[in-house]
Structure formats: C-alpha cells, structure tokens
Amino acid sequence: MSRMTALLPLLLLSTAAIAHDHEFGHDRGQAASAPAATPAPQRSAAERNAIVTAPLPEDQAAMKAHVMFLASDAMAGREAGTRDYDIAAQYVAAQFYAAGLRPGGDEGGYLQKVPLVAYNVADKGSALWTPAGGQPQELVFGEDFVPSPVPDKRESSVSAPVVFVGYGIDAAQYGLTDYKGVDVRGKIVAFVPGTPEGLDGEARAFFGSAGNKASLAAARGAVGAIQIDMPRAGGRQRPFSALTRYYNAPRVTWANPDGTAHAMTPTTPVLGTLSQAGAAKLFGKGWEAVMKAAAAPKPAYKPLMAKGSMTVAAKTSFKPMDSSNIIGLIPGSDPKLKDEVVVLSAHLDHIGTNEGGDGDRINNGALDNAIGIASLIEEAKRFKAAPPPKRTVMFLAVTAEEKGLVGSDYFANHPTVPLKSIVADVNLDMPILTYKFEDMVVFGADRSTLGPIVRKAVGAMGLPVSPDPMPEEGIFVRSDHFRFVQKGIPSVFLWPGQKGPGKAAVEDFMSHRYHRVGDEIDQGIDWSQGPRFVSVNYAIAREIADAPERPVWNKGDYFGTLYKGPMAAK
C-alpha cells in the first residue's frame, strides 16, 4: 500500500469537521473563513473550574488521536519543506478550525507562508593573507582555511585587518570582557570556539554560538568574523581537513525577497574557520602565546592584532523550499487589554527520515513534538470552552524548529499582529509524558515577572515549580520561545518535572529516543498525563491573559537588557 493510500482514511477523519466549507482549500489549502460565531455555553464557576482541573477521559483519546496522525509513518517525520510537513500543517489548520479559532495567517487563512531557503558554499572560495609590507599569500583550502556561506550574498568579498578577541564574548554580568580596550571597527574578528569554564548552561549555549559571537562583533562595528579551530578538551583533536567533508552541507533559514537567505548579522558575516597553522600565518610569533594560553586549565586570552590584512571571497548557492506556520486566535474580551496578545507556541516539524540502512528509518517525533502540538490544540479547546480571555490568545504552530528555530524567527520578524502587542510567549516543546509527573519546570520563569504568575498558576494545580534539573544543557536558549526573547518579549518554556519517576524517564528518553526512530507512539506514553499537562499550560496562559499588567523583565536580567523591546529590563 502506498503512503498516500494509507493516509487517506486519516485525512478524511481530520477534515470531516470542515468538509461542508467550500472555502477551505484556496492557496495551499488554507481556510479562508473564520468559523461561524457560536455563543459560549453558560457555565457556573464550578463547571468552568472543572474544565481545567478535571479533564474528561475523552481528552486522553483526543490527544492520542492527534499524535497517532502526526507521528504516523505516513508523515515520514514531518521534515520542514516537504509535502509530509504540509499535510501535517493542514491537519493542524483543520483542528484549529474545529476548535473555533479565528484564522491568524495570510489572506484570511490559518497558514502563514514561510519561504524557507537552503544555502551552501558554491565553491571553495579564496582566502588571501597580505602581511604588512609583504606580498599576498594564499591560505590553502583544507589546510589553512575552510569557508562558510554568506547567507545574503550570492558573491561576497571582505578585506580588512584581523584582530584576535579570545572567546569573542563581551558580557560584564558574567565577568567576560574580551573586547575591553579593543577597537574592532572595520576589522575582521577572530575567536576561539566555546566559552570559558564556570558559566551556567544557558550562558554556555548562548555565548558558544558562532552566530551570537558574530552579533556581539557586529554591535562593535566589525565587518567579518572567523572562528579558529583549537585543541579540544583532553587534548583530542580531529584533523582540520575533516571540515572539508561537510563545509558545503546545506543550511536552512528563511529567504529574503530576492531569494537569498536571511542573515542575522548582515554587516558581519561569519567567513569561515582558520586552522592553527592558518592562524600562525596571520599572527606570527604572537600565536605561540595564544597556544600557550590554550593549554592552561582555564585559558585566559589576550587580544592580538595581526600585522596585515585578510581577504576572503566566496560564492553561495540557494534552493527555495516553502513551508508554513499555522496560526489561530481567540480574541480578547477586555476593552483595554484585547489588543494585547499572549502567544502559545509549539513546533510541528521533526527531522524526517534517515538516509540509507535497513529497517526503520522514520523519525516519527511523537514526543518531539507531536505531543506538544496535541497539547496546543487541546489547550485551544479549553480556552473556547471557558469565558473569553481578557487579552487575545494566539496559538502558533511553527515550522523548521529543527533547522535552527527558523519558523519562529520568521514569525518574530514578520508577525501577523503588531510586535509591540505581544506580551509573552509560552512555549510547548517535547514534554516527556511517559510517567506521572509530580512537579513542573518552567525555563526562564525567574528572568521576568512571569515567574510569580507561573508559580501561582502551577500551585493552584497542586504542583510545585522545581529548579532547572539540567542547567548544563542551556535549554532556555534552545527552543522557539527564544526568538521572542530576542525581540525583547518575556517568555517561558514548560516541561514536566523530574521528581519521583521523572528523572529516570527523562534520562531514558534522551539516551535512547531523542532524535531517533524510537520516538514513536508505542514508547510507553502515559496518556493520562496529557490532559494534566494541558491543564497546567492552560492555567499559566490564562493567568497571563487575564493579569492586570503585562509581564516585564526583571531588573538587570541579561537577556532583558541585551534585546531591547517594550518590556526591556532597565
């Protein structure tokens, strides 16, 4: 039986609720019309509370049905940019319609088109080093230098002096001041990978990113950035030539109108990677001091200016691959607050299928993140069954999270409501519901006034809020909510906690099923926990939606001060 033949019964079931609506199916199958207004049922306070605190047995069946469809083999892993993902997106749009949400996407429909683009280095490029008073020297591909694609340029060339800035981090709050006393305006900055020892997981994950280091360099006027390959911990070192095996592997982001790729730092592209031999050619004897510092248990680097200039040229190729976010709305009811928006987000995509090999090759993504999408749909039903929230609530299912938080980044840069109207994002990503959870973990809660709101809502459900059980993972900066943080919007990310059986269950999932074919519906999911998880999410979102004041960043919080916005920390 073909995959499409096997899929037809499920599609018929998922679209039955909208079969009567002839307008469903224009451009890419969007629903053009909002559902007909239906008066909310009149319920007592006790009945409304029961909707949240005592979900019915059929709620379990509803959640399982969503996951059965989205994580089925027929969806082939829901990889962004594929027809499999597009079918999954239509399913979510149908469910938003059935739940009574207003369309919040393009052209009156539920889908927001996201113009994804894959880009990669089109050739080996060239890199020249010209020492002061000397002749240009070619930096040899695969020995001295490996280029990186420049996202927003089909052809690029950067020529400038080079200055070494250690780890390339400037964050006094964390005691990191690599740019102190260094003028990098008009220069290419060179930095080593990673971060110093002693940082918490969030700081390591954030500052260890070459892209974020380039952003810090861009803010200081640099015109380019280069990473320098360095010995790994314990003295292990892969051959630099190994980089040539995948230097031109495609990367994915969203496209500019001209078909090139969005660049986070258009003025300061990451140009490539220097080997230690290449760095020695640039920095001469000064590089010996850098290598000596690198060998220390806690390296402390000093800035170093190369005597000369470097020229890097490259070509980049682009391949479009369209996808969609899915957006539904419940309008706010309060005359003063209805124009403010609380976003509830979850990613729909997963990582598709493995190449080659025998046996199961489909990464079904049941917990990552079909069950998060199922939670989003069921939470929408809770909101529709209850009295209207004071603020507008947006339900946002995004594409290409697995490609680097791309769909949420596109939405944050092309919001379908005014960006300043968004007061918070509550993100649902990969809740591990294979055990009866006894607590909740809310990443980012202590960074803003969302913290007290979260504790009040979770406490009302009879659950404590526990501290981050995996601080070394830096989870706060690794999912879609962080794209809202980068726009200055307070955000949180929810997980069941690890009290009782939770620790063993999470470790088992992360070790044996995360981003593997074993993340399937038959992995022992405890479906009774799905409605409980939805109840907690609903309680938090409801508290934010009805609060008299919008959340603000805590005074002095690093991310609140780094990313400016209407709720920026002072």
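Select helices H3 (residues 57–70) and H9 first: the two cross in a right-handed sense, with axes that come within 9 Å at roughly 135°. H3 is therefore oblique to H9. Helices here are DSSP runs of H or I, at least four residues long, numbered from the N terminus. Axes are lines fitted to C-alpha atoms over the stretch in contact, and angles run from 0 to 180 degrees between N-to-C directions. Angles under 35 degrees count as roughly parallel, over 145 as roughly antiparallel, 65 to 115 as roughly perpendicular, and the rest as oblique. A crossing is right-handed if the near helix is turned clockwise from the far one by less than a right angle, and left-handed if anticlockwise.

The model is predicted, with local features requiring pLDDT of at least 70, side-chain atom pairs pLDDT 80 or more, and totals for chains, interfaces and linings using all residues. Residues are numbered from 1 along each chain as its sequence is written, and side-chain values use heavy atoms, without hydrogens and water.

Next, display the side chains between H3 and H9. On H3 the contact (heavy atoms within 4.5 Å) includes Met63, His66 and Leu70, and on H9 it includes Ile371, Ile377 and Lys381.

From H9, select Ser375, Glu378, Glu379, Arg382 and Phe383; among their partners in H14 are Phe533, Tyr538 and Arg542.
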